[in-house]
Each structure stands twice: as C-alpha cells, then as structure tokens.
Amino acid sequence: MNAKATDWYTGEPAPESAGAPFGKIAISGSCTDAEGGFHPVEYNEGTDFPTMPERFAKLPMSLWNLSLEVHTGRIYTFLGPVNLIFIFFAGLAAIWCLWTGYKVRLKKKRKKKVL
C-alpha cells in the first residue's frame with residue numbers, strides 16, 4: 001500500500017520535509033450531517049456545523065467551561081467550606097467504585113479459570 005498524505009483544503013500532496021504532519025490548519029476531527037456532507041473540525045476554530053441555537057448563544061457560560069468547572073471541582077464553591085468535604089467524599093466514592101469494579105473483574109476471571 002502506497003498511501004500519500006494530502007492537504008484536505010487544497011488537495012495538494014503533503015510536503016516531504018520534516019515537521020508537523022498537517023498543513024496550516026490543524027484538523028482535530030470531523031462529522032457528517034444527515035445528507036452525508038463532510039464537516040471538518042479545526043483544532044483552533046472548531047466548526048460551524050451544527051450552528052448554535054440562539055438561546056444558547058446568550059448564556060453567561062459555555063458548556064465547555066461548565067464541564068471544566070465540574071471536572072476540576074470549582075463548581076462546588078457555592079457549598080462554602082463544605083465543598084472540600086464534598087470533594088473529598090466524591091473522590092473516595094470514585095476510588096471505591098474503581099476498587100469494587102476491579103474486585104468483581106478479578107472474581108469473574110478466577111471463576112472462568114476454574115471452569
């Protein structure tokens with residue numbers, strides 16, 4: 001197989017010189033619509049498909065920022081000093097969940113070996 005890399009926007013072959021494996025625009029993903037249209041997702045700019053509903057455009061915080069706040073635990077600051085205790089117990093719950101899942105997996109693996 002002799003595959004060649006090409007620039008999606010220009011259709012030109014990728015340069016043979018060492019460097020970034022993409023052109024001037026970094027594509028981080030793609031999606032297709034119901035009609036089969038291809039929509040690239042640029043690393044820095046994102047995509048214009050699908051368009052954001054007008055009611056979401058006026059919200060004070062984007063979904064990305066909300067997800068980041070939940071992930072880092074900063075969203076829980078409304079709990080006051082209790083937020084540290086909440087985050088601690090949420091962490092313990094996550095560790096417990098991972099540990100019990102691991103134990104169940106081991107139990108199933110051992111049972112399979114016996115049979």
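Leaving aside neighbours within four places in sequence, which residues is L66 in contact with? In this predicted model, L66 is in contact with M61 and I75. L66 lies in helix α2, which spans residues 63-72. Its relative accessibility is 36%, so L66 counts as partly exposed.

The region between β1 and β2 was examined next. D33 is found in the loop that connects these two strands, with β2 covering residues 38-42. D33 is buried. Despite this, D33 has no salt bridge. The nearest side chain of opposite charge belongs to R55, and R55 is 20 Å away. Beyond its neighbours within four places in sequence, D33 is in contact with H39 and F49. The side chains of D33 and H39 are joined by a polar contact of 3.1 Å.

H39 is found in strand β2. H39 counts as buried because its relative accessibility is 18%, and buried means under 20%. With residues up to four places away in sequence not counted, H39 touches S30, C31, T32, D33, T47 and F49.

The bond joins F49 and P50. Its omega angle is about -15°. P50 is found in the loop between β2 and α1, and α1 covers residues 54-57.

Salt bridges were searched for across the whole structure, and 2 were found. One is formed by the side chains of K58 and E54, with an N to O distance of 3.6 Å. Both K58 and E54 are exposed. Another salt bridge pairs the side chains of E69 and R74, at 3.2 Å from N to O. R74 has a relative accessible area of 45%, so R74 is partly exposed.

Nonpolar surface was then considered. A nonpolar surface patch of about 870 Å² is made by F78, L79, V82, I85, F86, I87, F88, F89 and L92. One of these residues, I85, is found in helix α3, which runs over residues 82-114. I85 counts as partly exposed because its relative accessibility is 49%, whereas exposed means over 50%. W96 is also found in helix α3. The relative accessibility of W96 is 59%, so W96 counts as exposed. The C-alpha atoms of W96 and T72 are separated by 19 Å. These two residues are 24 residues apart along the chain.

The side chain of T10 reaches the backbone nitrogen of E12 at 3.2 Å. T10 and G80 are 70 residues apart along the chain. Their C-alpha atoms are separated by 54 Å.

How values were computed:
Residues numbered from 1 in each chain as written. Predicted model: local features only at pLDDT ≥ 70, side-chain atom pairs only at ≥ 80, totals over all residues. Heavy atoms only, no water. Polar contact = N/O pair within 3.5 Å; in protein donor to acceptor, adjacent residues only side chain to side chain. Patch = residues over 30% accessible without salt bridge, like charges linked within 9 Å, V, L, I, M, F, W, Y side chains within 5 Å. Areas by Shrake-Rupley, 256 points an atom, 1.4 Å probe, with all protein chains shown as cover. Salt bridge = Lys/Arg side-chain N within 4 Å of Asp/Glu carboxyl O. Helix = DSSP H or I, 4+ residues; strand = E, 2+ residues; numbered from the N terminus. Buried < 20%, exposed > 50% of the residue type's maximum accessible area, 1.4 Å probe, protein only. Lys, Arg positive; Asp, Glu negative; His and termini not counted. Contact = heavy atoms within 4.5 Å.
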